[in-house]
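Hi,

Here is the structure I promised to pass on to you. Have a look at it first, and then read on for my notes.

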Amino acid sequence: MSHQERKERFAGVSDREVKRAYTPDDVAGLEYARDLGDPGEYPYTRGVHPTMYRGKLWTMRQFAGFGTAEETNARFKYLLAQGQTGLSTAFDMPTLLGYDSDHAYANGEVGKLGVAIDSLRDFEILFDGIPLDQVSTSMTINPPASIMLCMYLAVADQQGVGWDKVSGTIQNDILKDYIAQKTYIYPPEPSLRLITDIISFTAKHVPKWNTISISGYHIREAGATAAQELAFTLADGMQYVQAAIAAGMDVDEFAPRLSFFFDVHNDFFEEIAKFRAARRIWARVMREKFGAKNPRSWMLRTHAQTAGVSLTAQQRENNIIRVAMQALAAVLGGTQSLHTNSYDEALALPTEDAVRIALRTQQVIAEETGVASVVDPLAGSYYVEHLTNRLEEEALAYFDRIEAQGGVVKAIEKNFFQREIADSAYRFQRRMMNGDYRVVGVNAYADGAEAKKEAQILRIDPAVQRRQIERTQQVRATRDQAKAASALAELRRASQTSENLMPYILACVKAYCTEGEICNVWRDLWGEYREESVY
Amino acid sequence: MNRKLRVLVAKLGLDAHDRGAKVVARAYRDAGFEVIYTGIYQRPEAVAEAAIQEDVDVVAISSLAGAHLTLIPQLIHLLKDQGADDMLVLAGGVIPEEDISALLAEGVAGVFGPGSDLDEIIRFTREHAAAK
Amino acid sequence: MDLTTLLQRFQQGDRRALARAITWVENGTPEAGELIRSTYPSTGRAHVVGITGPPGAGKSTLVDRLASRYRELGQSVAIVAVDPTSPFSGGAILGDRIRMQRTLNDPGVFMRSLASRGHLGGISIATGDVVGLLDAFGFDVILVETVGAGQSEVEIMELAHTTTVVLIPGMGDDIQAIKAGILEIGDLFAVNKADRDGADRSVMEIEMMLDLGHMGEAGINRWDGEAQANSGAARRLDRTGHHGTADLASGNPYTSSASARHAADRHGTANPGDISWRPPVLKTTAKDGQGVDALVDRMIEHLNFLKETGRWEQFKRHDAAAKLRELITLRAARTVMDRATAAGDLDRLTASVADRTVDPYTAAEEVLSRHLGT
Ligand SMILES: Nc1nc2c(ncn2[C@@H]2O[C@H](COP(=O)(O)OP(=O)(O)O)[C@@H](O)[C@H]2O)c(=O)[nH]1
Ligand SMILES: [Mg+2]
């Protein structure tokens, strides 16, 4: 029998070469109790809960948001009616960057990639008819995260829901913005201060709120390998822990409310191993490095989203299959919640049909495949355990390199992450071009004559921008001007002290100051961050 | 003579996704072009001014937000107003099939959607920039 | 655009014409010579300020701030930023505009990015001519940011009236290592990133090196007025070949080393007894603009110093002499090489030198006597 193989080198998305088969030699030294532990036991490699999905399925959380608050409110209600269990809000670019819809820079972007939010009036509409004590809401926003959280709390007040009953997550992860996502406004120092203010405020007043969703997703989407995503994300996490400790908090006071957000890409086993390695590293770091005593501080809880970059515009139905396998990997990796991308998202916002298929994909995995019946079924696989170890080693090596540069913020200033990621992105693109990495429908099995099907895509009506601007201008014209002005003045004053800013932001929000007005106070005081260069 | 093709790789508007722009910038560099990269969040006025001051042969716009139909035509008009209509304007990124003809009609010379081949982009650029 | 239209529009202040003129000069197109001829009479007015220093020191960020400050003072500003060309592909990524967002929307500011195109001195071959065009176009101040690759960036000193060396805190050892190159080219020193620890110490270290360190090396202290007599003209002339042996084989007549071009007379005295310029060392934080006004004040002071002491006019003469010498030498060399090659003498003599039947000096003599002149 011939031992000839199809190609010389086998490597997946992250360009890690893999062997033909793995044996006990590849996991020599692995100690069950020390390195894996039972599910729900330190170091949580096998999962943060003893019963995992036998106890409670993961939260199926589809990201939604487009147009004005009315349209997104309708989509939220649709998703809840379809059996979705948590809401996830996408904001448009002007909102993410702290510009009101009538700002010149917002022209053409209002409501395009998410919902447009300017003032509390928009939030009142966004959550109209949705009792905030019965849903958990995730909001993907960073520099203005404090403002959005305050708007949410203001709506809770209007609904008569106590803050101890509201639950949800704000992304609030500015470090990954400097590294990859680029939706920053201010320089690192004041940005970190806003974050620690949120952490200590919610620890006292909104105990069920997840304060930061430390995100690898955007790092990965920008071109990082799995190991880079893992390492950079956990390094960011450690940086937040340090910042909060430096601001005088006790680690066990806030660490249980930190959560993570990872990408799930195509390389099936590598992705599963990534989640397992992430939990093990975090548990050890929190316990050994930061001295956390509460087991909840050791547990890495995570949201996952299937890889947007893996979607192809060509033969787009294939995306349904990609998303299914990625979702399966996330579940086998033990995620706490999951967003599955819609197959038509490579080109535009997803249509309702596509969103439903994406959600059904998760439901099929949960109900039909049986994978939710056994916790961490791949434990003990030579390959998966070896990959878990390898990813851990690679992450630790990156931690050393980051440390040698003086920490995460210094490394950002030195362009370290950005360069590492850009190098990986370029290498991957080259591999695709020379056929070393094959993508079905793109550089393999492409239908030359693929009929350009008139894809049905969701378009944002240009009237959206006009309507939104009208509403915001009306809010500005009809509010109690003296109250708004004094709330902004108070915020400005407090921002120059070390007082916690959350009560002041809440006062601004309740006085119907707009997001742009609040952000401009800080732009004025703190200046704007500028990106590092390309290389 | 020591002629080099100069290309401005630009992002327009509130569009943070620069993975593609950076990959394309490197590909151009590796193909011997001089690449001016101006970063994200650029206004059309600023991109037009940069294109003129740098006297580039090519302006390559990468768009992954939804505003390509608003901002790219604005840029082209600004270039025309200043007599720079000989510059080759290319667009790439997430651009739906049905928008391509609108962009071509506005004066974009080539549109490269998701999954475009880098070598193809470079070949196209060489051919059309040299021809002008 | 043809040459006549371009020149006409250039005179009228059309920025696109300026941009195209720069391209022609950079590419050495056939029109470039005429362009330089026509614009040369209008040059010699701008204050050319060089900004050099290691990569990442904050040069671009600082240039952005300097430009804003000059604008506040009512001056028009041109910026030239040079970045390295990849030796593998011949391409380059020119990213300095990213850091100059503050001023680039101001119509009183014009910026051009240049690739080094294989030249190693921190600027490109064409940078001098590009600066000439910007000067002729009427900019009051021209800020030239070098590649920033390190030690050998002496060429900026020859191009700029005022050279600013940008360093960062905590470079003590690095400064030691490169001080010979660094100390001699600076008319001003900026310790940037003064928001970081150790800025005061770095300032002190540089001050000390400026005051003491140089003495032993050059054999003189440059600031006490005891510079070698009559060497005022010499430095600028020195740069253009006194120390170099014409290297005919490569076509490059300049092989003078950086260390040979000591800067004594730039700061020292043209005639003993004149006032002298002691390079000031300033702290700046380009990120938030601190110290930038003071740095610009010193730049202007240096300009006044050059003018009041007659050095401004001297520099013009020296530049003229240098440029002439450069062109004559280059062209003479090229002519001789071309003729010797065409006649087969070069191949023949190269072979003889290689197999040791003729020594290189005799061979060069033979080529020169046969092909120079007539
Ligand atoms: N902390 C600090 N960083 C600065 C300062 N000036 C520039 N930088 C940063 O240093 C890095 C390199 O700056 P750049 O201007 O590109 O340097 P260049 O390579 O010398 O042109 C960037 O991240 C700047 O934001 C400063 O005064 N303080
Ligand atoms: Mg620079």
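How many Å separate an oxygen atom of ligand 1 from an N or O atom in the side chain of Arg99(C)? The distance is 3.5 Å. Please keep in mind throughout that this is a predicted model.

**The ligand site**

Let me stay with ligand 1 for a moment. Ligand 1 sits between chains A and C. There are 19 residues around ligand 1, and the ones that come nearest are Glu532(A), from chain A, together with Gly56(C), Lys59(C), Thr61(C) and Arg99(C) from chain C. Sorted by class, this shell holds nine charged residues, six polar ones and four nonpolar ones. If you go through the shell by secondary structure, helix H4 of chain C, residues 59–72, gives the most to it, with three residues.

A polar backbone atom of Lys59(C) is 2.8 Å from an oxygen atom of ligand 1. For Lys193(C), a polar side-chain atom lies 2.8 Å from an oxygen atom of the ligand. As for burial, ligand 1 taken alone exposes 580 Å², and the protein buries 90% of that.

The next item is within chain A. Helix H7 (residues 188–205) and helix H9 (residues 226–246) have axes that come within 10 Å and cross at roughly 70°. Because of that angle, H7(A) counts as roughly perpendicular to H9(A). On the H7(A) side the contact is made by Leu192(A), Ile195(A), Thr196(A) and Ile199(A), which meet Tyr240(A), Ala243(A) and Ala244(A) of H9(A). By class, the residues of this contact are six nonpolar and one polar, with no charged residue.

The other crossing joins chains B and C. Here the axes of H2(B) and helix H2 of chain C (residues 15–27) come within 8 Å, crossing at roughly 45°. With that angle, H2(B) is oblique to H2(C). Glu49(B), Ile52(B) and Gln53(B) in H2(B) meet Arg15(C), Arg16(C) and Ala19(C) in H2(C). This contact has three charged residues, two nonpolar and one polar.

**Backbone details**

Which peptide bond of chain A is cis, with omega near 0°? The bond from Tyr42(A) to Pro43(A) is one to look at. Pro43(A) belongs to the loop that runs between helix H1 (32–36) and strand E1 (59–60) of chain A.

In chain B, two residues other than glycine have a positive phi: Tyr41(B), with phi near 60°, and Asp55(B), with phi near 45°. Tyr41(B) is found in the loop between strand E2 (34–37) and helix H2 (44–53). Asp55(B) lies in the loop between H2 and strand E3 (58–63) of chain B.

**Around Asp252(A)**

Finally, please look at Asp252(A), which is placed in helix H10 of chain A, residues 251–254. Leaving aside residues up to four places away in sequence, Asp252(A) touches Ala292(A), Lys293(A), Asn294(A) and Ser297(A). For Lys293(A) there is also a polar pair, with the backbone nitrogen 2.8 Å from a polar atom of the Asp252(A) side chain.

Best wishes

Technical notes
Residues numbered from 1 in each chain as written. Chains lettered and ligands numbered in written order. Predicted model: local features only at pLDDT ≥ 70, side-chain atom pairs only at ≥ 80, totals over all residues. Heavy atoms only, no water. Near = heavy atom within 4 Å. Polar contact = N/O pair within 3.5 Å; in protein donor to acceptor, adjacent residues only side chain to side chain. Areas by Shrake-Rupley, 256 points an atom, 1.4 Å probe, with all protein chains shown as cover. Helix = DSSP H or I, 4+ residues; strand = E, 2+ residues; numbered from the N terminus. Nonpolar A, V, L, I, M, F, W, Y, C, P; charged D, E, K, R; others polar. Axes fitted to C-alpha atoms, helices over the stretch in contact; angles between N-to-C directions. Parallel < 35°, antiparallel > 145°, perpendicular 65-115°, else oblique. Contact = heavy atoms within 4.5 Å.
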